[in-house]
Every structure is written in C-alpha cells, then in structure tokens.
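Subject: Structure handover

Hello,

Here is the structure I promised to pass on. Please open it alongside this note, then read on for what was found.

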Amino acid sequence: MDVPHDDPADGRRPAGGAYEWLSRGRALLAAGDAQAAATVLRHAHDDEPESPDVLETLARAEFESGRFEEARRLFAALVEREPGSDYARFGLGASLVRLARAREAEPHLALAAVMRPDRTEYVTLLERARASLGRGRTAGDPDGPTPEGPA
C-alpha cells in the first residue's frame, strides 16, 4: 500500500492531491529548489496530465533543473494544447536554444516576441538565436534568459 507522506526525495507519493502538489511545486520553484519542485509536480502531472497549469509549472521546473530535453517535450505538449500561449512558445524556444537547436527555436521565439513585445527576455533570446544562426553556429548559450514564470 502506498502511504502518502511529505518527503518527495525518496520517490514515494507525497501527501495531498494535484492542487496541493501544484501549490507546493510553485513554492519550491519560488524558493529556488527546481529539482524538488519537479519531483512533486510529476505527481500532479500524473494525476492531471491535461492541466495546462501543471504542465507549464512542471516544464519550468524541468528547465530550471537543467533537464532541457524533458522541458522541451513538456513545453511542446503545452504549445499543442495552447498554441496561443506566449509563455509556452518562449519556454519551448528557450529549451531548444539550450539544446543547441536555434533553427527550431526561432519560430517559437518570434511568435512569443510578437505576442508579448513588452517581455524583453523574449526579444533578447530571439535576437540571440537569430544572431547565432547568422554566424552559422548554435545558440546554446547557458547564460541566456530562462523561462521564468509569467510576470
């Protein structure tokens, strides 16, 4: 029998349900513990795989944990569910940049920048990706902008 508890580090199911795990994951992200956040958020995603809020927060936690391929996969699923989400486009583009796939990132970053020209991190990363393509190299700059939560 799987008994809920409060320590996500050992891989067992933490106490609560999807809403509590989402809230806890967000708090862990805000505190800078992306790996613990991702662990808790995976449980929320297992229970609510269609939830855009869970998907977005988990994708961000995976990105901030350095698991860029998993973040890319999750942001791509979010773009599929919500093609008009500027943040999902930016997260997908940022993940692709970190994976040195600037050519694939560029259209997503361009859409995000058009949707939200006030978000300087969108425009900055788009310019970096385009500049790297112009130089014939990839834009896998680890010091580039990250997909932080919406303002």
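A definition before anything else: helices here are DSSP runs of H or I with at least four residues, numbered from the N terminus. On that numbering, Ala100 lies in the loop between α5 and α6. Please keep in mind that this is a predicted model.

Ala100 is worth a look on its own. Its phi is near 60°. That is a positive value in a residue other than glycine. Is Ala100 buried, partly exposed or exposed? The relative accessible area of Ala100 is 34%, so Ala100 counts as partly exposed.

Now the overall picture. The chain has seven helices and zero strands. Along the sequence the pattern reads α-α-α-α-α-α-α. There are 151 residues, and 44% of them are buried. The accessible surface comes to about 7,600 Å². Carbon and sulfur atoms account for 50% of that surface. Take the contacts between residues at least 6 apart in sequence: 49% of these join residues at least 24 apart.

Next, the core. In soluble globular proteins, nonpolar side chains tend to be buried together. Here the largest nonpolar core has 40 residues. Phe75 and Leu109 have the most contacts inside that core. Which elements give two or more residues to it? They are α1 (18-30), α2 (34-47), α3 (52-64), α4 (68-81), α5 (86-98), α6 and α7 (120-134).

His108 sits in helix α6, which spans residues 102-115. The relative accessibility of His108 is 18%. Buried means under 20%, so His108 counts as buried. With residues up to four places away in sequence set aside, His108 touches Arg89, Leu92, Gly93 and Leu96.

Then the helix packing. Two packed helices are described by the angle between their axes and the distance between the axes. Two pairs follow.

α3 and α4: the axes come within 8 Å and cross at roughly 155°. Angles over 145 degrees count as roughly antiparallel, and α3 and α4 are therefore roughly antiparallel to each other. Their crossing is left-handed. Which residues meet here? From α3 they are Pro52, Leu55, Glu56, Leu58, Ala59, Arg60, Glu62 and Phe63. From α4 they are Phe68, Glu70, Ala71, Leu74, Phe75, Ala77, Leu78 and Arg81.

α3 and α5: the packing angle is about 25°, with the axes 11 Å apart. Angles under 35 degrees count as roughly parallel, and α3 and α5 are therefore roughly parallel to each other. α3 passes α5 in a left-handed crossing. On the α3 side, Glu56, Arg60 and Phe63 take part. They meet Tyr87, Ala94, Ser95 and Arg98 in α5.

One last item, in α1. Glu20 lies in that helix. With a relative accessible area of 44%, Glu20 is partly exposed. Glu20 and Val40 are 20 residues apart in sequence. In space they are 9.5 Å apart, C-alpha to C-alpha.

Best wishes

Methods
Residues are numbered from 1 along each chain as its sequence is written. This is a predicted model: local features need pLDDT of at least 70, side-chain atom pairs count only at pLDDT 80 or more; totals for chains, interfaces and linings use all residues. Side-chain values use heavy atoms; hydrogens and water are left out. Buried means under 20% relative accessible area, exposed over 50%, partly exposed in between (1.4 Å probe, protein chains only). Contact means heavy atoms within 4.5 Å. Accessible areas come from the Shrake-Rupley method with a 1.4 Å probe; for residues, only the protein chains shown count as cover. A nonpolar core is a set of buried Ala, Val, Leu, Ile, Met, Phe, Trp, Tyr and Cys residues joined through side-chain atoms within 4.5 Å. Axes are lines fitted to C-alpha atoms, for helices over the stretch in contact, and angles run from 0 to 180 degrees between N-to-C directions. Angles under 35 degrees count as roughly parallel, over 145 as roughly antiparallel, 65 to 115 as roughly perpendicular and the rest as oblique. A crossing is left-handed if the near helix is turned anticlockwise from the far one by less than a right angle, and right-handed if clockwise.
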